[in-house]
Amino acid sequence: MRILKTTFTNIKTNKQLFFASVGTITIALSILGLFLFVYINLNSVLSFWNNQVQLIVYLEDGISEGPKKQLENIFSTHTEIASFDFVSRERAWDNFQSMFSEKSTFIKGMGFNPLPASYNLAIKESSDRLAFIQNLAKKLSDHEGVESVEYGEDWINRFETFMILMRVFLFALGALLCLGAVFIIANTVKLSVLSRKDEIDLMLLIGGTPGFIKIPFFLEGIFHGLLGAFVSLGLMKGIHLYLVNQFQGSLESFGRGMEFQFISPPFIGLIVLVSIFVGWLGSFLSLQQFLGVYKKT
Amino acid sequence: MIQLYNVYKSYNNTPALVDVSFIIKKGAFVFVTGPSGAGKSTLLKLLYRWESFDKGQVLVNGINVGKLKFNKLWQLRRHIGVVFQDYKLLQAKTILENVAFALEIVGADKKTIRYKAWEALKNVGLSHRKDAYPMELSGGEQQRVAIARAMVNNPKILLADEPTGNLDPEMASEVLQLFEKANIEGTTIVFATHSENILHEGNHAVITLKRGKIADTRLVV
Ligand SMILES: Nc1ncnc2c1ncn2[C@@H]1O[C@H](COP(=O)(O)OP(=O)(O)OP(=O)(O)O)[C@@H](O)[C@H]1O
Ligand SMILES: [Mg+2]
């Protein structure tokens, strides 16, 4: 209790410094949080689109029943394939016509069917799904009776690379901002320590243990970090609510079932833990430096 | 209780203590005297390891002071009460809180702190001013608060650096009585002063320093 009181007296005597420090940490964490927010939502968009990914196996026109059976066998032996659907040339043509007939009399007037028959495969979701699709596509395209295999290869690849880059960027940014926060806290705690030098001297002189003397300053640093974390999380929750309110409708039209994701609890926990660590480290560094002076004499 | 063997100490190459050796037995009362700048304060600071020394050996309460690590200094200092020449009172605390602070630091419980701090203030005749801040007191009164704080933990050793420097002769002699009383109760006392009156009044051993050297020792007459 007394230690807590000391901590808050420390903070009170350096009020401006305290607000500057907590403010900077809040800004740093908010920047990090915003990027995290963007990342999480892009990720959810990715997995949403991922669900829509179909593998379409186009068949040669003259394919006989034998290779078709073989293909269907392959489909049913892979547990990763949720379902497959045979689309005959006629069905494909019907679909095509019903989609475009109103718009184009040209299509109606066409006397032959240019579309191939195909199998549409739905792939179950898994972490190595993309690799699986790529492998399967390669295997199938060499199969007898298969004309070509198609899936949204290119842009999925690009999107995934982008997400990996984003992850690296987030990590680097996070490390940089945390480092900055450590120095800010170290500086604040250092000024707090210096402004209480007389008291620390006295505590040492009348037999206070270094641990006892350090605790209020550790608490101060950790408090700075935690407060910064909570304020920035609150800020981000506010932004999230605003986005949901303003743009949920347009997001729905973009893809059904899509919604803005807030930073998930594990990430919130991580932010809080990191802020505690950052606060502790900041205090540790300045105390180490300060008490080092005593050790030398 | 306190043993020094051939101790040398200098500040940036100017010697402050030169080849100082003596033994102070448990329960003894010893004056340290000498002109200003002779090294009295320096000598006391070595005993509670506020200053380091260059050569020699210092043993206090069985602890080899020269070898003591920073993290263990409190083990030495908890057995030593110090009245600092500049008092070192915390301005933001009342004088009762100042005395209580010494008890809090060693982890005493709340009830003990309240009782003992008040007792210690009463002992130096300041209990009626317990809620005053150091700035509101005279130099002599502040000095007595410092004495109360040094004594409140019942240390084995009391080091006093000019504890009567700011007091009129009458008050000085009262303060001396406080130390005499503590000494009778078993506390070892090292008392730095350059007041002839005090030296006469208390019939104790005297170590006289001159420019860092022991110039004279007087045993009890
Ligand atoms: N921190 C310091 N840095 C440099 N020199 C110092 C320091 N403290 C003391 N000295 C020097 O060491 C010598 C002894 O000082 P000290 O304070 O021990 O004397 P003293 O006997 O206590 O004097 P006084 O009676 O005035 O208190 C003096 O010459 C002083 O200038
Ligand atoms: Mg002195």
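Predicted model: local features only at pLDDT ≥ 70, side-chain atom pairs only at ≥ 80, totals over all residues.
User: Let's start with two helices. At what angle do α5(B) and α6(B) pack?

Analyst: About 0°, with their axes 12 Å apart. Helix α5 spans residues 139–151 of chain B, and helix α6 spans residues 169–184 of chain B. Angles under 35 degrees count as roughly parallel, so α5(B) is roughly parallel to α6(B).

User: Which residues meet there?

Analyst: From α5(B), they are R144(B), I147(B) and M151(B). From α6(B), they are M171(B), V175(B), L178(B), F179(B) and A182(B). By class, the contact has 7 nonpolar, no polar and 1 charged residues.

User: New topic: the sheet in chain B. What is the strand order?

Analyst: The order is β2-β1-β4-β5, in an open sheet of 4 strands with antiparallel pairing. Strands β2 (14–24) and β5 (63–64) of chain B are at the edges, each pairing on one side only.

User: How many bridges join β4(B) and β5(B)?

Analyst: The pair has 2 bridges. Within the pair, V60(B) stands opposite I63(B) in β5(B). A helix also packs on this sheet: α1 (residues 40–47) of chain B touches β1, β2 and β4 of chain B. The direction of α1(B) makes about 120° with that of β1(B).

User: What lines the largest cavity?

Analyst: The lining includes I206(A) from chain A, and R77(B), R78(B) and R149(B) from chain B. Strand β6(B) gives the most, with 3 residues. The lining residues divide into 7 nonpolar, 2 polar and 3 charged.

User: What about the second largest cavity: what is its volume?

Analyst: About 60 Å³. Residues from chain A line it, among them I25(A), L177(A) and V274(A). The largest share, 4 residues, comes from α2(A). By class, the lining has 9 nonpolar, 1 polar and no charged residues.

How values were computed. Residues numbered from 1 in each chain as written. Chains lettered and ligands numbered in written order. Heavy atoms only, no water. Axes fitted to C-alpha atoms, helices over the stretch in contact; angles between N-to-C directions. Parallel < 35°, antiparallel > 145°, perpendicular 65-115°, else oblique. Contact = heavy atoms within 4.5 Å. Nonpolar A, V, L, I, M, F, W, Y, C, P; charged D, E, K, R; others polar. Pairing = 2+ DSSP bridges. 1 Å grid on protein atoms, 1.4 Å probe; cavity = no way out; pocket = protein on both sides within 12 Å on 5 of 7 lines; lining within 4 Å. Points joined across faces, edges and corners; volume = space filled by probe spheres on them.
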